[in-house]
Amino acid sequence: MATFLIHRSNEETQVVKLEKEFLTLGRLEDNDIVIDDIFVSRRHAEVIKKGNDYIIIDQKSRYGTYVNGERIVEKKLNYGDEIQVGNTLITFVDEKKLSAVPEHKTVVKKFGDIIDIEKRIDELKSAIFRGEKKERLIKTTEEIRQLVSDYRRRLAEAERAREIASTLCEVGKVINFVFDLNVLLNLLMDLALRIIPAKRGFIMLGDEDTRELKIKVARNMGGEIDPKKSSGISQTIAREAFNTRNIITTEDAIKDGRFKTQESVITYAIGSVVCVPLITKEKKVLGVIYLDNPVGFYKFTEDDIQFIESFASQSAVAIENAQLYEKVKKEERTTERLQRFFSPEVVKKIICEERAIKPGGEHCIATILFCDIRGYTSLTEKIDTVIALEILNEFLSSMTEEVFFYEGTLDKYIGDCVMAIFGAPVAHADDPLRAIKCALGMKRRVEELKKRWQERLKIQDVASFEIGIGINTGEVIAGNVGSEKRLEYTVVSSAVNIASRLEDIANPGQILITNSTYEQVKEHIKARTLPPVKLKNISQPVAIYEVLGLI
């Protein structure tokens, strides 16, 4: 059986039997024969069995494939041939004749060595002075010319490597300093096209819900591109890279059997393509970077592919950071908006349960509290308007704190009136009792405020400043009312109207509750039964109680 003897420096020779009819050699782990050599390309060469023959084909590797010292593109192997890839030497032998295999030669072309051109020129001068034959001088001159050519090539490679390193360094900076996703994606696209000579470039991200790829950034060196449209991009190539998590490349999509029937490939005459998935450290695929050139233009090289692979890895980190930042900022905005109406604990529950902020509502049992000021108008007539506004703001803030303390929902301010809900959107078994405790707390707060205003604002006539509170429990429709752009959480039903009417008839300092609330809290409160009352727009008299305190 045909066999490769792989001679690694400072290691024992590796014996590999060529049992497959097709195998690959290269630096990547998914090759059949993995060669850990920096001068070996990711996909360096292929070996194909045709009948009894073995053919080695170079895959446009950067440093080439050599057989018996000659650089080849494709060559039939004979037993005893020496194959050089990078600085690794491989002997092609017959397994049955391993014992007769001669010791391997040293590598013909050593990569990575420093080129000493001056030394060779000095040798040429000496040869001229010695009167060496013309053929010998021509050969030495040709060797020097080749050395100069190699030096120029290495210099160009070093310059390109410097530019690549600089670009990757910029991506590293971007990871830490750019958190605006749109700005980041545009910057990454520009950085990629700085290195890769592509006519078009796209960054596509996958939708978290549908997993559909959407173009976020587009560049067309020959004209304008609308990022919202498909823009002739090969969705087949993009989806394959996204779904398989593999780099997809082709030198000519028009001739590639995988893609040549695709409409976009034909219409836009797509030639060379490289599409690389954006994969995070946690192996999550965010999207793809897609680059292409029309037929007849520049074809992407092994170096281009290697660069864009590294570039995509760093870009994925930057994009993930920006997405997380946007998510955090969105949650902060949502939390800030919710905190205007709900207590911190209720906000946490809403966010954890991922309740959608959408128009609509749900039926539920809730306790509604209305609290309004008595004597505020007469007080404002005797004090400065600015002080009157300060008093109102301090009052509303204090009442809101009390609502939040018992995990109620601030529905709205109606002038100097506060409307609160207990039982929506988050319900508790003791919501009616919480509402009453909140009302008693509000009364205590008012007394504290009055003392504070007397001391700080030097207002003496605050005795008339009191509150009246009405509380009712019943079925309501709770939800967001309004449009997608402006929503307001509230409750709607006759139960709300009854609570509002009770607050209207409450005397200063009085807390009135209905029978529906009383029946659920009577074991916990002190209350006085009052005569049933006829409320505006309510057909039947309503049984009411005055809350005196807790038991």
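**Surface patches, salt bridges and backbone in a predicted model**

Colleague: Is R211 buried, partly exposed or exposed?
Modeller: In this predicted model, R211 has a relative accessibility of 45%. Buried would require under 20% and exposed over 50%, so with its 45% R211 counts as partly exposed.

Colleague: About how much accessible area do I254, I266 and V295 have together?
Modeller: One of these residues, I254, lies in the loop between β14 (248-250) and α5 (263-267), and because its relative accessibility is 31%, I254 counts as partly exposed. With I266 and V295 it forms a nonpolar patch on the surface, and the accessible area of the three together is about 230 Å².

Colleague: How many disulfides does the count come to?
Modeller: A disulfide needs a pair of cysteine sulfur atoms within 2.5 Å. Among the cysteines, C275 is buried at 0% relative accessibility, and C364 also counts as buried, at 17%. By the distance rule, the number of disulfides is 0.

Colleague: How many residues apart are E302 and R42, whose side chains meet in a salt bridge?
Modeller: The N to O distance in this salt bridge between E302 and R42 is 3.3 Å. The pair links distant parts of the chain, with E302 in helix α6 (residues 302-338) and R42 in the loop between β4 (33-34) and β5 (45-50), and the separation is 260 residues.

Colleague: Are E302 and R42 buried or exposed?
Modeller: The cut-off for buried is under 20% relative accessible area. E302 is at 12%, so it counts as buried, and R42, with a relative accessibility of 9%, is likewise buried.

Colleague: Which residue forms a salt bridge with E503?
Modeller: E503 is buried, with a relative accessible area of 4%, and it lies in helix α11 (residues 494-505), whereas its partner is in strand β17 (residues 360-374), so the pair ties together parts that are 129 residues apart in sequence. The closest N and O atoms are 3.3 Å apart, and the partner is R374.

Colleague: Which residues are joined into one network with E394 and R452?
Modeller: E394 and R452 form a salt bridge with the closest N and O atoms 2.8 Å apart, linking helix α9 (residues 385-405) to helix α10 (residues 431-456). E394 is buried at 18%, whereas R452 is partly exposed at 36%. Salt bridges that share partners bring two further residues into the network, namely E390 and R456.

Colleague: Which peptide bond is cis, with omega near 0 degrees?
Modeller: The proline concerned, P425, is placed in the loop between β19 (417-422) and α10. The cis peptide bond is the one from A424 to P425.

Colleague: What is the phi of N68, a residue that is not a glycine?
Modeller: N68 lies in the loop between β7 (65-67) and β8 (70-72), and at 41% relative accessibility it counts as partly exposed. Although N68 is not a glycine, its phi is positive, at about 55 degrees.

Definitions and conventions
Residues numbered from 1 in each chain as written. Predicted model: local features only at pLDDT ≥ 70, side-chain atom pairs only at ≥ 80, totals over all residues. Heavy atoms only, no water. Patch = residues over 30% accessible without salt bridge, like charges linked within 9 Å, V, L, I, M, F, W, Y side chains within 5 Å. Areas by Shrake-Rupley, 256 points an atom, 1.4 Å probe, with all protein chains shown as cover. Salt bridge = Lys/Arg side-chain N within 4 Å of Asp/Glu carboxyl O. Helix = DSSP H or I, 4+ residues; strand = E, 2+ residues; numbered from the N terminus. Buried < 20%, exposed > 50% of the residue type's maximum accessible area, 1.4 Å probe, protein only.
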